[in-house]
Amino acid sequence: LHDALPISYVAPPVVTGVSPATGAQSGGQTITIVGSGFTGATKVTVGNGTATGLVVVSDIQLTAVTPPGKAGRTTNVRVTTVGGTSVAVTADHYTYT
């Protein structure tokens, strides 16, 4: 027991806002995502698609480029880190136009 390694817990990220919250169905819209726990983010999904151009600005902000989507569809923007994937909430909604 003396050689036990400490265990650290990394909480999953939390998304509290997406701006802009709407964009063209063709994708290509740079969005800013705010929340917490973004350090080390490895993936952003918008609905069923994976965003590109992920840039972690800080632990509370990142940017990404939306994939194509279906017009009129409201999706969840979710962030993945070593702590897991953010839970889908109303604040993470993005609507394709």
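Trainee: Along strand β10, which side chains point to one face and are buried?

Mentor: Good place to start; keep in mind that this is a predicted model. In a regular strand, side chains alternate between the two faces of the sheet. Strand β10 covers residues 93-96, and its side chains do alternate.

Trainee: Which residue of β10 is the bridge partner of G23?

Mentor: Let's look at the strand pairing. Strand β2, residues 22-23, runs parallel to β10, and two bridges join them. In β10, the bridge partner of G23 is Y96.

Trainee: Now to the open sheet: which are its edge strands?

Mentor: Happy to walk through it. Four strands form the open sheet, with antiparallel pairing and the order β1-β3-β7-β6. An edge strand here pairs on one side only, and this holds for β1 (14-19) and β6 (52-58).

Trainee: What does the twist average from one strand to the next?

Mentor: This value belongs to the open sheet with the order β1-β3-β7-β6. From one strand to the next, the twist averages 25°.

Trainee: Which residue in β7 stands opposite V55?

Mentor: Strand β7 covers residues 61-65, and four bridges join β6 to it in an antiparallel run. Opposite V55, the residue in β7 is T63.

Key: Residues are numbered from 1 along each chain as its sequence is written. This is a predicted model: local features need pLDDT of at least 70, side-chain atom pairs count only at pLDDT 80 or more; totals for chains, interfaces and linings use all residues. Side-chain values use heavy atoms; hydrogens and water are left out. Buried means under 20% relative accessible area, exposed over 50%, partly exposed in between (1.4 Å probe, protein chains only). Two strands pair if DSSP finds at least two bridges between them. Axes are lines fitted to C-alpha atoms, for helices over the stretch in contact, and angles run from 0 to 180 degrees between N-to-C directions.
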